[in-house]
Amino acid sequence: MTTRSIPTLVLDFFAAMQGGAASESAMMALFRADAAYIEPFSGSVRRHQGKAAIREVMLAGWQYPLPDMRIVVDAYHATSDGAVADWTCHSPGLPAGKGSGCSRFTFSGGLIASLETTVR
């Protein structure tokens, strides 16, 4: 898939995910102050409201980074207020070396207003 059709905001998010803790500032700059992040990675599906809560859950995840992690956007489409990206995460730390999921972004004011991630 060509990355030309994917907004920079989405590409920057996945780059920051791959960058781990070293990308904390870049990651947090992508979110609105009142953003919501819904994720399944902390043991159950949880909602984190506001940048401080999002930073906290990201930092917790970055304490145990996946080795040699690479995220590939497999499919992307724009929505009326954001985007949906299907992705595959490659790492020898994952079962069979990869996992996949979907991230639903809502944008506002050029930033991420909400992000809901599911895994398959």
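Let's start with helix α1. Which of its residues are buried? L9, V10, F13, F14, A16 and M17 are. Now look down the axis of α1. The buried residues fall within an arc of 160°, so they line one face of the helix. Keep in mind that this is a predicted model.

Next, check the length of α1. The helix runs over residues 8-19, which makes 12 residues.

Now the salt bridges. How many does the structure hold? There are 3. Let's take them one by one.

Begin with R55 and E24. These two form a salt bridge, and their closest N and O atoms are 2.9 Å apart. Where do the partners sit in the chain? R55 belongs to helix α3, residues 51-62. E24 belongs to helix α2, residues 24-28. The partners are 31 residues apart, so this pair links distant parts of the chain.

On to D34 and R32. Their side chains meet in a salt bridge, at 2.9 Å from N to O. What about accessibility here? D34 has a relative accessible area of 42%, which makes it partly exposed. R32 is at 27%, and it is also partly exposed.

That leaves D86 and R120. The closest N and O atoms of this salt bridge are 2.8 Å apart. Again, the pair links distant parts of the chain. D86 lies in strand β4, residues 82-90. R120 lies in the segment after β6, and β6 itself covers 111-119. The two partners are 34 residues apart.

Now compare how open the two ends of this bridge are. D86 has 22% relative accessibility. Buried means under 20%, so D86 counts as partly exposed. R120 has a relative accessible area of 61%. The cut-off for exposed is over 50%, so R120 is exposed.

To wrap up, find two things in the model. One is the buried face of α1. The other is the set of 3 salt bridges.

Conventions:
Residues numbered from 1 in each chain as written. Predicted model: local features only at pLDDT ≥ 70, side-chain atom pairs only at ≥ 80, totals over all residues. Heavy atoms only, no water. Salt bridge = Lys/Arg side-chain N within 4 Å of Asp/Glu carboxyl O. Helix = DSSP H or I, 4+ residues; strand = E, 2+ residues; numbered from the N terminus. Buried < 20%, exposed > 50% of the residue type's maximum accessible area, 1.4 Å probe, protein only. Expected span 1.5 Å × (residues − 1). Arc of directions from axis to C-beta.
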